[in-house]
Structure formats: C-alpha cells, structure tokens
Amino acid sequence: MKHYDAIVVGGGPAGITAALYLCRSGISVAQIEMLAPGGQILKTESIENYPGFPKGIKGWEMADAFAAHLDDYELDRYNDAVLKMEQVPGGWSFSVGKETIVGKAVVICSGANPRPLGVPRETELTGRGVSYCALCDGNFFRDQVVAVVGGGNSAL
C-alpha cells in the first residue's frame, strides 16, 4: 500500500491542473484516471475558444499537451477505475484496480458527461448539428434556427 500527501481523481483539465499545482508545491501526489488524460476534450474535434490557440487546436492535441506538462514532475499515475473510496485514519483509501493507495488529502475532478436526449439520429449527428455546449458551439449556428434543451449553464 502506497501513501501520498494528495490524490487527484480525474485526468481532465481540472485534474491535470490540480496535479500540476500539487506537484509544484513539493508534496507526494498520485493521479487516478480511468481512461486517457484529457477528459471531455478528447471528444472535441476542434477547440477554437481557448487562449493561446488563435487558430484552434484538436482536442486530442490539447489533451496530449496537458498530460505532457506533468512529465517533468514526480507523480504516480494510476490508469484504472476507482473501485472503492473510504475514509481511514489520517486520510482516504482508494482501491484502484488491484492496488490500494492512501492519501491525506483528495481532490476530486471526476468530470462530467452530457446527458443525451435519446432522439432519433442523435448519436449520428453529434458534432454535425447536435451539440452539448451552447457557449462552446453557439458560434457555429449563428443566424440559424436552433432548439436548446436544458437549463444548465451549458444550455444557457
């Protein structure tokens, strides 16, 4: 069983940022990511509204750049699902795959997934007219008739 000062759950932009700042502070850090680093940006064809990339960047390219930013820091990465999390004396215990790790502090950046409507051809048209973020993709539909479903910040 390995012990850390901090454990970051999630490898999207928030998880990578948290791990970066924790590593820079000089403490021992573990990061758990069930899939590949990047989170939802891996599902994004082109990102055109992120500072520093005036011509846009592919989602997978940004995910690779985020992950590479951690390469020069001492960090243990676990690429598996969290099977169990429980409070133990002095911190939190995580069952990750076949391993158990313990951290004094935990930062949970588990991300989100859009909730599909289940309408005909939705999956086929995702990224080709069906969008899950009005702020991100609204510009693509300027001066067109659209339907917005939902009331959260992504719909707003």
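Here is a tour from the whole chain down to single side chains.

**Before clicking**

This is a predicted model, so local features need pLDDT of at least 70 and side-chain atom pairs count only at pLDDT 80 or more, while totals for chains, interfaces and linings use all residues. Residues are numbered from 1 along each chain as its sequence is written, and side-chain values use heavy atoms, with hydrogens and water left out.

**Whole chain, cartoon view**

Start zoomed out: the C-alpha trace spans about 55 × 35 × 25 Å along its principal axes. Color by secondary structure and you get 4 helices and 8 strands, in the order β-α-β-β-β-α-β-β-β-β-α-α along the sequence. Helices here are DSSP runs of H or I with at least four residues, strands are E runs of at least two, and both are numbered from the N terminus. Switch to a surface: the chain exposes about 10700 Å², with carbon and sulfur atoms supplying 55% of it (Shrake-Rupley areas, 1.4 Å probe; for residues, only the protein chains shown count as cover). Of the 156 residues, 28% are buried; buried means under 20% relative accessible area, exposed over 50%, and partly exposed in between (1.4 Å probe, protein chains only).

**The largest nonpolar core**

Next, select Val8, Val29, Ile41, Met62, Leu70 and Leu75: these touch the most other members of the 18-residue largest nonpolar core. Such a core is a set of buried Ala, Val, Leu, Ile, Met, Phe, Trp, Tyr and Cys residues joined through side-chain atoms within 4.5 Å. Strand E1 (2–9), helix H1 (13–24) and helix H2 (59–69) each give two or more residues to this core, and H1 has the largest share, 6 residues. Now center on Val29. Skipping residues up to four places away in sequence, Val29 touches Tyr4, Ala6, Val8, Leu22, Cys23, Leu75 and Asp76 (contact means heavy atoms within 4.5 Å).

**Arginine 77**

Jump to Arg77 in strand E5 (residues 76–78). Its relative accessible area is 37%, so Arg77 counts as partly exposed. Which residue does Arg77 meet in a salt bridge? That's Asp71, at 3.6 Å, N to O; the cut-off is a side-chain nitrogen of Lys or Arg within 4 Å of a carboxyl oxygen of Asp or Glu. The Arg77 side chain also reaches the backbone oxygen of Ala67 at 3.2 Å.

**Lysine 104 and aspartate 5**

The structure holds 6 salt bridges. For another of them, pick Lys104 and Asp5, at 3.3 Å, N to O. Lys104 sits in strand E8 (residues 99–108) and Asp5 in strand E1, so this pair links parts of the chain 99 residues apart. Lys104 is exposed at 58% relative accessibility, whereas Asp5 is partly exposed at 26%.

**Glutamate 122**

Last stop: Glu122, in helix H3 (residues 122–125). Glu122 is buried yet has no salt bridge, and the nearest side chain of opposite charge, Arg115, is 9.8 Å away (Lys and Arg count as positive, Asp and Glu as negative; His and the chain ends are not counted). What does the side chain of Glu122 reach at 2.6 Å? Show the backbone nitrogen of Gly118. Beyond neighbours within four places in sequence, Glu122 is in contact with Pro116, Leu117, Val130 and Tyr132.

Methods: A polar contact is a pair of N or O atoms within 3.5 Å; within protein, one must be able to donate a hydrogen and the other to accept it, and residues adjacent in sequence count only if both atoms are side-chain atoms.
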